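Try each task before you read its solution.

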Amino acid sequence: MKTMKSRVILNNGVEMPILGLGVFESGENTAPAVRYALENGYRLIDTAAFYGNEKEVGRAVKDSGVPREEIFVTTKIWNDMQREGRQRESFEKSLKALDLDYVDLYLVHWPIPGKIGETWKVLEQLYEEKLVRAIGVSNFLEHHLEELSIKGNIAPAVNQFECHPHLIRKELREYCKSCGIVPEAWSPLGRGEALAEPLLQELGRKYDKTPAQIILRYHVQNGVAPIPKSVHPERIIQNKEVFDFALTPEEMADIEKLDCGSMHGDPDHVDW
């Protein structure tokens, strides 16, 4: 993974950028942040119906001047629309808000008990209709993926889940890879909680990088696609400057020792 142009190949042959921009809680800064990111080499933008900013993302994509086929747009179906059986309607609302002809990756945002198979069948239909280039899940643990493998006909291309030095999710990462599912990390910096770790600061001094850049490099070397969120131009630039150095195997192992199980959302208890 040597440049921002690096791609991972999904299980259906679609290529996805290895690093992107997340826009959770980006608010009124969403469109400017997305435009700035696209102007500076980003090609993956991750949003969701729940974020309430799909319209701003779509407008920024159109205003960027970057050809649509070069941009990889991800969005997700929220929980209430799954519970109410309105999955198709949810997608149509997202597509209208984005003002796009298709979505590159459509994800089930959280595993809703009793709705996993039903929701997935709708995503399979969207894929077969070529309204989405790839389908996947978010926040699915191993047993959720096993249930999906029984109820679905198409394997998810991506599983996006919380992953950072304080929650490395090694077993889940390896499980996904064994199933041909690309692991993608939301909150890859652990909401900033890991940045003060002495190890990360020490590695930052060694490589002349920030602790955040050390963490993002850790993800990339693990074959995990991180989607750090920022609306600050300087951080958007810093977050992509992780392709000019490499951590040693020993340093990678040391980072994994920082795992303390700090979780900001439990996939087994989705009551929101």
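Predicted model: local features only at pLDDT ≥ 70, side-chain atom pairs only at ≥ 80, totals over all residues.

**Exercise 1. Find the salt bridge of Asp104 and work out which parts of the chain it ties together.**

Solution. Begin with the partner: Asp104 forms a salt bridge with Arg68, and their closest N and O atoms are 2.8 Å apart. Then place both residues: Asp104 lies in strand β6 (residues 103-108), while Arg68 sits in the loop between α2 (54-63) and β5 (72-77), so the bridge ties together parts 36 residues apart in sequence. Last, look at accessibility. Asp104 is buried at 0%, and Arg68 also counts as buried, at 18%. This bridge belongs to a total of 16 salt bridges found in the whole structure.

**Exercise 2. Describe the salt bridge between Asp244 and Lys209, including the exposure of each residue.**

Solution. First the distance: the closest N and O atoms of Asp244 and Lys209 are 3.0 Å apart. The pair links distant parts of the chain, with Asp244 in the loop between α10 (233-240) and α11 (249-256) and Lys209 in the loop between α8 (198-207) and α9 (211-221), 35 residues apart. Then the exposure: Asp244 is exposed, at 57%, but Lys209 is buried, at 14%.

**Exercise 3. Starting from Arg86, trace the salt-bridge network around this residue.**

Solution. Take the direct pair, Arg86 and Glu84, where the closest N and O atoms are 2.5 Å apart. Both are partly exposed: Arg86 has a relative accessible area of 29% and Glu84 has 47%. Now widen the view, and Glu89 and Lys93 join Glu84 and Arg86 in a network of salt bridges.

**Exercise 4. Sort residues of α11 into buried and exposed, then find what the buried ones pack against.**

Solution. List the buried residues: Glu251, Met252, Ile255 and Glu256. They cover an arc of only 145° around the axis, which puts them on the same side of α11. Turn to the other side, where Pro249 and Glu250 are exposed. Finally, follow the buried residues to their neighbours: they pack against α7 (170-178), α8 and α9.

**Exercise 5. Pick out the residues that touch the most other members of the largest nonpolar core.**

Solution. The core holds 88 residues, and those touching the most other members are Leu10, Met16, Leu21, Val34, Ile214, Leu247 and Ile255. Ask next which element contributes the largest share, and the answer is α9, with six residues. Then zoom in on Met16: leaving out residues up to four places away in sequence, its contacts include Leu10, Leu44, Phe72, Leu105 and Val158.

Notes
Residues numbered from 1 in each chain as written. Heavy atoms only, no water. Salt bridge = Lys/Arg side-chain N within 4 Å of Asp/Glu carboxyl O. Helix = DSSP H or I, 4+ residues; strand = E, 2+ residues; numbered from the N terminus. Buried < 20%, exposed > 50% of the residue type's maximum accessible area, 1.4 Å probe, protein only. Arc of directions from axis to C-beta. Contact = heavy atoms within 4.5 Å. Core = buried A, V, L, I, M, F, W, Y, C linked by side-chain atoms within 4.5 Å.
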